[in-house]
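This report covers a pair of packed helices and one further residue. The sequence and structure come next.

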Amino acid sequence: MNAWREASPTARLLLIAVLFTGLTTFMFLPLLAIELTAQGIPAGRTGFLVGLLAFSGQAFSLLTGLLVDRFGAHRVMAAGFLLRVLGYALLGLGGAGAAAPLVAGIVAVGIGGSLLGLSTKTLLVSQEGADPRTMLALRSTFVNVGVVAGPALGAAVYPLGFGWILAACVLSHLVLGTCLVLRRSVTASRSRAAAGRAAAPAAGGAPAAPWTLRQWLPLCGLGVAYWAIYSQLNVLLPITANAMTGSAAAISVVFTANGLLVVLFQYTLLRHVFRRATARTLLVLGFLAFACAYATLIPLAGWYSLLAFVVPVTLAEMLIGPSLDEQAVSAAATRRTGLALGTMSAAGAVGSLFGSSAGGYLLQSARDGSEVWLLLVGSSLAAAAICLLLPKVRTRHV
């Protein structure tokens, strides 16, 4: 992969950190509710704790962005690693009889994940000479390796005890955090040695002016719309897939195929196939793909509808997610990349909450299952139209 060979040593180390922290995180996440229940914690409290983990990771997105811009992405990343190590250790101490360490551990893991995710993303798109689209595509690919392989690895280790999974999480974050901090120390020393050199002017001239609030509003709205639509994969689709096929494993087939397609084609799609397309064009195509995906479910044709759904919904995911971040990076004012990416994460949190709530209500109130999918098709087409309100600009380096 040319992009990997051309990436700086720091970018490679960041991507390795994304891979292994993602792998251990997805070893841990799917089994958390099972382990809490096995410890004798009631189902209601278990649901609250799992929700608290998601809330802790999403609610601090804007604050995390401000911290990245104020104190620097490296410091925020180091704090994220430290919080996660502490959180996993506290989870090992918690249980049905020790609620305080359990709650503190879950909050620390959630907030640490927010700090880590946003700081590493900011560092990747800010690498000197790097194309933000390429870095975001590589990051998405490495994340999805963890999404695909993590649950299977966690299921293999879980019979040995949940403590082994927590130990793997602690070890991976501790080792990778230490390596990145040491790497930062080396590069900082070199930067100080070269501080007197004059910087050459960029080939593309002055960077584009930051967007106004009026330009930001459609982008934030699209962030909310994307996650509201995408969240139906976790709300409506599992119930519908089970009803259409009569198999509880149907949704696992969808998620496995989705993850494999992203790993195999994410980088190629954004780096080569759509290399010259603007982020706005990719967003339009992505939401149109969403409309096609949910249209395949209207006939409720069992496995045929479900398998036809996988390719367009994966295409939508591959095009929209990185393109929203790319647009945010392009729109950001100087030294405000963290806040821009944090804003998109916050929009995603709002969209996920709204989508999950609305999806359950729609499924409960709809007279015909096809009505829900028609509404999602219409919402996707409306979002594609809103994309045309965005300025048609190409990505600039941060």
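In which hand of crossing does α9 pass α12? The crossing of α9 past α12 is left-handed (the near helix is turned anticlockwise from the far one by less than a right angle; clockwise would be right-handed).

## Basis of the model

This is a predicted model: local features need pLDDT of at least 70, side-chain atom pairs count only at pLDDT 80 or more, and totals for chains, interfaces and linings use all residues. Residues are numbered from 1 along each chain as its sequence is written, and side-chain values use heavy atoms, with hydrogens and water left out.

## Helix α9 and its contact with α12

Helices here are DSSP runs of H or I with at least four residues, numbered from the N terminus. Helix α9 (residues 213-230) has its axis within 12 Å of that of helix α12 (residues 279-295), and the two cross at roughly 25 degrees. Axes are lines fitted to C-alpha atoms over the stretch in contact, with angles from 0 to 180 degrees between N-to-C directions. The crossing angle makes α9 roughly parallel to α12 (angles under 35 degrees).

From α9, Leu222, Tyr226, Ile229 and Tyr230 meet Leu283, Phe287, Phe290 and Tyr294 of α12 (contact means heavy atoms within 4.5 Å). Buried residues of α9 include Trp216, Leu222, Tyr226, Ile229 and Tyr230 (under 20% relative accessible area, 1.4 Å probe, protein chains only).

## Thr122

Thr122 lies in helix α6 (residues 99-125). With a relative accessible area of 6%, Thr122 is buried. Leaving aside residues up to four places away in sequence, Thr122 touches Val68, Ala73, Thr337, Gly338 and Leu341.

Technical notes. Buried means under 20% relative accessible area, exposed over 50%, partly exposed in between (1.4 Å probe, protein chains only). Angles under 35 degrees count as roughly parallel, over 145 as roughly antiparallel, 65 to 115 as roughly perpendicular and the rest as oblique.
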